[in-house]
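Q: Please take a close look at one part of this model, the interface between two of its chains. Keep it brisk.

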Amino acid sequence: MLTSVLLAFAVALAAPSLAARLGARAGWVLAILPAGLTAYYASFLPRLAAGEVVDQRVAWVPQLGVELAFRMDGLAAVFALMIAGIGTAVTIYAGGYLAGDRQLPRFYPLLFSFMAAMLGVVLTDDLITLFVFWELTSLTSYFLIGYKHEYEDSRASALQALLVTGTGALAMLGGFLLLGQIAGTYRISTIVADPALLQASPWYVAAVLLVAAGALTKSAQWPFHFWLPNAMAAPTPVSAYLHSATMVKAGVYLLARMAPGLGGTPLWFGLLALAGGATILAAAALALLQRDSKRLLAYSTLIALGTLVLLIGVGTPEAIKAMVVFLFAHSLYKAPLFMVAGAVDHEAGTRDVTRLRGLGRAMPVTWAAALLAGISAAGLPPMLGFVGKELAYEGLFETPWLLAALIAASAVMLLIVVLVAWRPFAGRTLQVPRAVHGAPPSLWVGPLAIALLGTLFGFAPALLQDGLMRPAAAAVLGSPYAFDLYLWHGLTLALGLSVLTVVIGFGLVLAWPRLHPALVARFGEVRVGPVAAYAGLLKGLVAVATAQTRFLQSDDLRHHLTVIVAFAVALTGTVGIASGAFAGLALAPVFEYAYEAVLLAVIVVGVASAVRAHSRMVAITSLGVVGLGIALLFVLFAAPDLAITQFLVETLVVIIAALVLVRLPSGTLRAPDNGGVRRLAGTIAVLGGALFAGLLMAVTSYPLDRTLTAFYEAASYPEANGRNIVNVVLVDFRGIDTLGEITVLAVAATGVFALLRRARAKRADATTGSGNAAADQGGPPS
Amino acid sequence: MNSVILRSATNLLIAVLLLFSVFLMLRGHDLPGGGFIGGLLAASAVALYAIANGHRAAVRLLRVPPQALIAWGLALGVGAGFFALLQGDPYLTGQWLIFAFAGVEWKLSSPLVFDVGVYLVVVGVVLTMVFALEER
Amino acid sequence: MEVVLALVVGVIIAGALYLVMQRNLLRFVFGLILLSGGVNLLLFTAGRPIRGAPPLVPYGLSEPAGAVANALPQALILTAIVIGFGLTAFALVLLLRAYERLGTLSTDELTARVAEPRPIADRGDGEVAP
């Protein structure tokens, strides 16, 4: 299983060069990978039918107990087959849809990376690994949605999807960590096997909320639903793949995966029923405002996702049975519908369903695929979609108000099907914005094949029963559940509700030509609710980030340093005072010799003078006084090496400073700062000085640990033949440090040299006239 | 700077100062001094010479570009550590060769080579900066 | 004695911080010089300075006779002084170049002038755009 995921990543790496070499056939050839994977995953079905579960373990970070654990059970198989199977159709489709696109070589690696990551999500048995793959799907989908990156709305939609799902994923990671803490492992199968432990934990509520945040954002549940319709800015193969069958279902997958462990509580039911129900109603209502075929389909996907979340929340065996069947059925009709909408857009040049009529003659095969998938989507017999919807109705019998919502939404679903799969094709006369030709095979093979599968499984749902649906339901329920699937249930209540749905649906179809313009006129421009909240949050975030960056990391050096110094002083000072480090320090100055007092006074005066100086000479001289004062202190306190070094360095600093200052005009030391700025700087500086003095007093009030010094003193002569301990430390005991230090010096000299040499070379250039006269623009002649 | 007194004094002093700087460096292992101090003194001496006689004269006095001193110094510093590897000791462990010759005890050692490297780097660094500034 | 030295260190660092937080780049560099001296003295004081006995091993002995000054901080400070010199020199030259190029030493004006768009042929550091 690990190999299959890695293989997909490997093909993603190789895809650009393959695609470039294969040209127009690239889609067909590259589809071999997902087709092969489909066959591979299908080979697990007999074992799953026998009640087996296949595990695979590879250690990854053993120290942290993180491993690459993979597990194939019924739920994983359903998803893996959808990902690989629909991936096959999408790969072929993309080859035709994006033919001639210059960026096509960039598309395949992203598509296959996404496929690999998605497979990783559903196959892994480890929460951390799942999170990593989950984020990879978000990242690759960001690039896929933003594929047409030259368009503003395309980029904005991609960013929106990334931000919404990424924020959710962050919360989800927190939830995962909580689960790991509660259960003591990140192995998913172990965690969900002990619901009593999880639900008794005080962290249960937090864990559910956090994990649900990740799942609900990923599956575009209300109030995070808005990113999905906007993500229709993606090219159609991406929508068909990510936004029908795979990525948006990752959230559903996670909820289903966690259901045995976290489910069955009022919180779980309430949360998911609320999210799913709200999504269904919101999507059904908003769909009435749309006439773009892809956006219509996006809202129908929202309805389906809401239904799935709802069913997981209800969690009864009937509901779960309905969930797994509906999940599969939805993928088998939604992906073809997207591809059909894309093919129409590709050939006719618009996705506005009101501008398309009579396409059926020009694109008969496409229409066939559209009808097969559409009947399934509308929940009509004899398709798998019908089986799924009937089961969903039955699953909700115990919660009538949710059932009512689903019936209303299913009626809207029927309307959407008519608008997307019937209206553009039907009619005698052709009405399109531009000349239409039949779609090439690559555009109809995939959708037709998948739609035919949906038909086949509709007639004979029992084909799916043993290998897929029963094991999948068992994985979600946590215990085996035997059931049989039929197309025809007999004259049941569910059938009656289906008839009711169809009646309402056709009522909507008849009313739509008048209803839609009226609704658009009334609500078309209304921007409230989650979308407005997202826009506001984003704007606020950017504003806060800008303001904070401007404040904390100002380009103005003075401002920048003031913030750093103030923060450091405040933090250190607070900690120091709070920990009592400054308590009981004696402030009594003790001078043993009068000249020491004089020397220290000279240093203090030097500092004061340097701070107040308005003349550069005064400033330099004052700094020199301070430096020499420090050197004299070194003399007094038995540090001859330091004293000599300090004297020499003072001399050299004066030389260098003089060389620099003569090139600056006079008056450059004038302080342009106003009184307020100076007072602020002064206050911070005094506090900082006091802090350092206090820290130093606190440090020196403790006895000194002389272990290291004693070692140097004892070892200096016997081991290193040196009597000057300071020098021995420098060149022998700590030689490698010194080596580093002279390297730093060399780097500083190189920097100085480069700064000055480059300027000189340019000036020479300018004066000989070979360079451009504006080369040193902005600088005064020097 | 055009001062006869400074120039004459510097021309006399430069040799003494440079010699003294080498002396300081060599004695550093036993008495105050060493590569840093010796290097700073030598650099100050040459800088003084440059102020008195112009930097072209100082460049001529030095014969090699100061960057070369940095390179040689770093090479000596790094290279001094390899003596230890030859003896099977960890890198930069001090190696000593002490012998009597001409009635004097000679102490040759890898730390001495290292200190010479420090000396050269310090001279090279300071003079690179001073010359680069003077040249403008 | 450490108390007095600590107070002096406090004064030097206060002065240095004040200068560093000024708009004038030259003052900033002066603050840097002062700061390096102050920190060296801080390290020195933390090593408990004593009078009159440098860290030397007398001839004829293999260890210092009696208490001598703490050699460890001295070794640290010696390199710190030289590195501080390198830093100061680099800062001064950087300041010189900034002034030559932008014609000001005021940090806010520097920011404003760097932010201004320059002709394509000369982008800030003199690299000529292709």
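**The interface of chain A and chain C**

A: Between chain A and chain C there is one salt bridge (a side-chain nitrogen of Lys or Arg within 4 Å of a carboxyl oxygen of Asp or Glu). A:Glu596 and C:Arg51 form it through their side chains, at 2.7 Å from N to O. This is a predicted model: local features need pLDDT of at least 70, side-chain atom pairs count only at pLDDT 80 or more, and totals for chains, interfaces and linings use all residues. Residues are numbered from 1 along each chain as its sequence is written, chains are lettered from A and ligands numbered from 1 in the order in which they are written, and side-chain values use heavy atoms, with hydrogens and water left out.

Next, the extent. Chain A puts 111 residues in contact with 95 residues of chain C (heavy atoms within 4.5 Å). The buried area is about 9100 Å², meaning the accessible area (1.4 Å probe) that two parts lose on being put together, summed over both. Carbon and sulfur atoms give 74% of that area. On the side of chain A, the residues that lose the most area to chain C are A:Phe637, A:Leu696 and A:Arg723, together 8% of what that side buries.

Now the elements. Helices here are DSSP runs (H or I, at least four residues), numbered from the N terminus. Among those giving two or more residues to chain A's side are α26 (594–612), α29 (675–700) and α32 (735–768). The most come from α29(A), with 15 residues.
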